[in-house]
Amino acid sequence: MAKLAHAQWSSRMTFVLAAAGSAVGLGNIWRFSYMVGDSGGAAFVLVYLACVALVGLPILVAEWMIGRRGQKNPINTMAELAANHGKSPAWALVGISGVLAAFLILSFYSVIGGWSLNYTLSAVIGTFNGQDADGINALFGNMLGSPITLLLWHTAFMVLVVGIVARGVTKGLESAARLMMPALIVLMLVLVGYGMASGYFGEALAFMFRPDWSALTGGVVLAAMGQAFFTLSLGMGIMMAYGSYLGEDVNLISTARTVIILDTVIALLAGLAIFPIVFANGLSPGEGPGLIFVTLPLAFGNMTGGAILALMFFLLLTFAALTSAISLLEPVVETLEERSPMSRTVATLVSGIAVWLLGVAALLSFNVWSDVLFFGLNIFDLLDTFTSKILLPLTGLGAIVFFATCLDKEESRKELKMDVYDYSLWNFIAKYLAPLAVITVFVTGLI
Ligand code: PHE
Ligand code: NA
């Protein structure tokens, strides 16, 4: 990306689509619903929403602004802006930990992308038709239990990602997102409608929105904040890289609001589609990473037109996962390309293979390596936990602190097109509230 002549996004719309393509993915549907189920529901959801608004929005804007100023990849941008403002070159660490996070996340993201690909094929051949909860559970269990199956689909997903990045056709995907995003929303609405007819919608609503605050531990709050970072693609330098393509005229706050609302709506719809099925079938909300794969196929298998809906759903999910995965591979490839003599193609292959290898370790933790634990977590959970609960918040914190303390206030105010009053509120949030919130959540969550 950094080596292009930095042609600026032709319009705000193109930019929104690219940012939304990165943001909207497995995080909204797969990860959101399983985290909500695991963490006991509404308290998690409400903290997550608060984090998205109070921490996610300012950090998103900060990352874009830093990227727009720096006009380089995240590591160089941070290093150079720091140098220009007489600050320590150590700020480049923010960029480095972002690239590391992207690398680690893609490894397990691809495993789940593989599940989605696998289920797309299952939908085509009608595997879900007429299955009861036990049947659907067995399907999922068999997939998890087979290292070969998981390996095959993880590999297929990575081949797609590497192929797309190597050929540099990501722009085409972004314009396809113009159709896919609304289609995904419509499909989620249909599923929510199905949930409403199930007789268990009220229960699902209460589960998601009537909090039992006594269940709120430091761990749940940290998980909610981690989810906010993950779903908005924050703390990875990705949004920073995108920011370097932003024209001066684009209003950052309103653009951030658009992307965030889109991302949040899709996540909430996913929850409202999945939990009625959970309760109607006596399944456990705390099922874990398999939650969407043991609930939605059950609904598809037993509704009229379910076969076609299943196919559409898993296709769209795979597509959303692909656009996010591409945005995860990009910074890794770029870094490698810049810091080594490798060509883009070679750099893409090398990063793809490295990510793939780590993904193999992650997928083995569902079967043969399920006993291999670090800090009580298997490899998959370890990768997920370390990135979303530690790396992302720290990198995001670095970005916002850099923004708030190193960049010129008056310039920032003009760039955000704010009057003095609005800006002082913004400054309070960006300089004190958001960093303090991240630090507090971080510290209480870890102890
Ligand atoms: N935000 C994406 C999702 O919700 C995942 C992702 C994380 C993509 C980080 C890029 C960077 O699925
Ligand atoms: Na997301």
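Ile274, Ile277 and Val278 of α12 are in contact with Leu291, Ile292, Thr295, Leu296, Leu298 and Ala299 of α13 (contact: C-beta atoms, placed from the backbone, within 7 Å; helices: DSSP runs of H or I, at least four residues, numbered from the N terminus). The model is predicted, with local features needing pLDDT of at least 70 and side-chain atom pairs pLDDT 80 or more, while totals for chains, interfaces and linings use all residues. Residues are numbered from 1 along each chain as written, and chains are lettered from A and ligands numbered from 1 in the order written.

**Exercise 1.** Describe the contact of α12 with α13.

Step 1. Its residues divide into eight nonpolar, one polar and no charged (nonpolar: Ala, Val, Leu, Ile, Met, Phe, Trp, Tyr, Cys, Pro; charged: Asp, Glu, Lys, Arg; polar: the others, Gly among them).

Step 2. The axes of α12 (252-280) and α13 (291-301) come within 9 Å and cross at roughly 80 degrees (lines fitted to C-alpha atoms over the stretch in contact; angles from 0 to 180 degrees between N-to-C directions).

Step 3. The two helices are therefore roughly perpendicular (65 to 115 degrees).

**Exercise 2.** Which residues and elements surround ligand 1?

Step 1. The shell has 15 residues, the closest being Gly25, Gly27, Thr231, Ser233 and Ser324 (C-beta atom, placed from the backbone, within 6 Å).

Step 2. α1 (12-23), α2 (26-38), α10 (218-231) and α14 (306-339) each give two or more residues.

Step 3. By class, the shell holds seven nonpolar, eight polar and no charged residues.

Terms used:
Angles under 35 degrees count as roughly parallel, over 145 as roughly antiparallel, 65 to 115 as roughly perpendicular and the rest as oblique. Two residues are in contact if their C-beta atoms, placed from the backbone, lie within 7 Å.
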